[in-house]
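Here's a quick walk through a two-chain model, going residue by residue where that helps. Have the viewer open and follow along.

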Amino acid sequence: MDPFKGQGGIQMLLIAEQEAQHIVSNARNLRTQRLKQAKDEVEREAAQYRSHMEDEYQKLISENTGSSGSNVKRLEEETDAKIKNLKKSTSKISSEVVDMLLKYVTNIKT
Amino acid sequence: MNDADVSKQIQQMVRFIRQEAEEKANEISVSAEEEFNIEKLQLVEAEKKKIRQEYERKERQVEIRKKIEYSMQLNASRIKVLQAQDDVISSMKEAASKELLNVSHHHDDHVYRNLLKDLIVQCLLRLKEPSVLLRCRKDDLHLVENVLDSAAQEYAEKANVDPPEIIVDNQVYLPPGLTHQNSHDLYCSGGVVLASRDGKIVCENTLDARLDVVFRKKLPEIRKQLFGQIVA
């Protein structure tokens with residue numbers, strides 16, 4: 001057996017082992033990267049989802065502001081209408097009530 | 001074994017080593033992808049849930065704030081209506097109070113004089129005292145002195161007793177009627193105040209006091225006329 005050729009053969013095997021280790025290491029590194037990528041993608045999707053929810057929320061707020069505004073306005077209108085009706089009925093019966101009160105004040109039972 | 005065979009065997013071993021490595025790498029890659037998908041799905045779902053809960057909480061707070069605001073507005077509205085109701089009733093009483101001045105000012109003396117007599121008789125009937133003190137406005141003094149005897153006589157007949165002694169206070173008078181000058185002072189629109197001699201029993205029969213009593217008594221009726229059946 002040629003000693004050179006024997007040494008060459010062992011060398012080739014060692015090199016193959018090293019390359020094999022690299023292949024496996026690369027795969028492991030890719031896996032780690034991939035998992036990190038998963039986290040990155042999760043954050044991106046979460047940010048998108050949050051943005052969507054924020055839009056919905058802001059829409060809700062502006063709707064509520066409008067709704068609340070219209071509610072308050074309606075309430076004010078109802079209140080003013082009640083008070084207006086009140087003053088109308090007051091003016092109708094005011095002199096009548098005053099007369100009634102005076103009648104009792106000046107009608108003395110002895 | 002010749003060199004060719006040795007070389008052949010080494011090549012075979014090298015291929016085997018590489019094949020093993022590539023199979024392992026492939027296995028790692030496949031499981032990495034699975035882990036990737038599972039991990040991503042789980043994390044995305046967890047994040048979304050967290051975000052969703054956050055916004056549900058914020059929306060609930062908006063709803064609550066909205067309800068609180070409306071409730072406050074509604075309450076303010078009710079108070080406003082109640083205040084308006086009180087205001088109109090007060091204005092009626094005020095109008096009646098002003099009219100009292102006409103009773104003692106613009107009527108002819110006969111009507112007011114008769115009123116004073118009746119007021120005195122009413123007090124005498126309630127006090128049932130043989131001797132009483134009487135206070136009136138200074139402006140009414142002459143009218144009161146005019147009717148004292150007939151009031152005492154009327155009381156005596158009604159109560160079937162001797163005519164009482166009525167002492168008119170010439171030192172202290174009831175305050176005068178409301179004018180622009182004394183709008184913040186005590187005032188009396190007319191009428192009399194009688195008291196037992198020891199001062200312990202008082203019969204306040206001023207027009208203003210009578211208006212207070214009548215007003216309080218008739219308030220439910222007035223409110224009913226104004227506000228219908230709704231009890232405000």
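## Two loop residues with positive phi

Let's start with K128(B), which sits in the loop between α2 and β1 of chain B. This is a predicted model, and here it gives K128(B) a positive phi of about 50°, even though the residue isn't a glycine. K128(B) counts as exposed, because its relative accessibility is 60%.

With a relative accessibility of 70%, N160(B) counts as exposed.

## The nonpolar cores

Which residues touch the most other members of the largest nonpolar core? That core has 51 residues, and the answer is L101(A), I120(B), L134(B), V144(B), V192(B) and L194(B). On the chain A side, α1 (3-106) supplies at least two residues. In chain B, the elements that each supply at least two are α1 (3-105), α2 (109-127), β1 (131-136), α3 (141-159), β2 (165-168), β3 (191-196) and α4 (207-227). The largest share, 10 residues, comes from α2(B).

For a closer look, pick I120(B). Setting aside neighbours within four places in sequence, I120(B) is in contact with L134(B), V144(B), V147(B), L148(B), A151(B), I166(B), V192(B) and L194(B). There's also a second, separate core of 12 residues, and among its members are A16(A), V6(B), I10(B) and I17(B).

## Where the chains meet

How many residues of chain B are in contact with chain A? It's 68, and they touch 59 residues of chain A. The size of an interface is often given as the accessible area lost when the parts come together. For this pair of chains, the buried area is about 6000 Å², with carbon and sulfur atoms giving 72% of it.

Polar pairing shows up here as well. Between chain B and chain A there are 15 residue pairs in polar contact, counting pairs with both residues at pLDDT 80 or more. On the chain B side, α1, α2, α3 and α4 each supply at least two of the residues that touch chain A. The largest share of that side, 49 residues, comes from α1(B). Sorted by class, the side of chain B that touches chain A has 36 nonpolar, seven polar and 25 charged residues.

## Salt bridges, across and within chains

Over all chains, the structure holds 23 salt bridges, and nine are counted between chain B and chain A. One of the cross-chain pairs is K40(B) with E41(A), whose side chains meet at 2.8 Å, N to O. Another salt bridge joins D80(A) and K80(B), with the closest N and O atoms 3.6 Å apart. This pair runs from helix α1 of chain A to helix α1 of chain B. D80(A) counts as partly exposed at 42% relative accessibility, and K80(B) is also partly exposed, with a relative accessible area of 44%.

Within chain B, D140(B) and R137(B) form a salt bridge whose closest N and O atoms are 3.0 Å apart. Buried or exposed, where does D140(B) fall? D140(B) is buried, with a relative accessible area of 3%, and R137(B) counts as buried at 3% relative accessibility.

K218(B) lies in helix α4 of chain B. Why does K218(B) count as buried? Because its relative accessibility is 17%, and the cut-off for buried is under 20%.

E221(B) is partly exposed, with a relative accessible area of 38%. Elsewhere, K117(B), D118(B), E154(B) and K158(B) are joined into one network by salt bridges that share partners.

Technical notes
Residues are numbered from 1 along each chain as its sequence is written. Chains are lettered from A and ligands numbered from 1 in the order in which they are written. Side-chain values use heavy atoms; hydrogens and water are left out. A nonpolar core is a set of buried Ala, Val, Leu, Ile, Met, Phe, Trp, Tyr and Cys residues joined through side-chain atoms within 4.5 Å. Buried means under 20% relative accessible area, exposed over 50%, partly exposed in between (1.4 Å probe, protein chains only). Helices (H or I, at least four residues) and strands (E, at least two) are DSSP runs, numbered from the N terminus. Contact means heavy atoms within 4.5 Å. Buried area is the accessible area (1.4 Å probe) that two parts lose on being put together, summed over both. A salt bridge is a side-chain nitrogen of Lys or Arg within 4 Å of a carboxyl oxygen of Asp or Glu. A polar contact is a pair of N or O atoms within 3.5 Å; within protein, one must be able to donate a hydrogen and the other to accept it, and residues adjacent in sequence count only if both atoms are side-chain atoms. Ala, Val, Leu, Ile, Met, Phe, Trp, Tyr, Cys and Pro count as nonpolar, Asp, Glu, Lys and Arg as charged, and the others, Gly among them, as polar.
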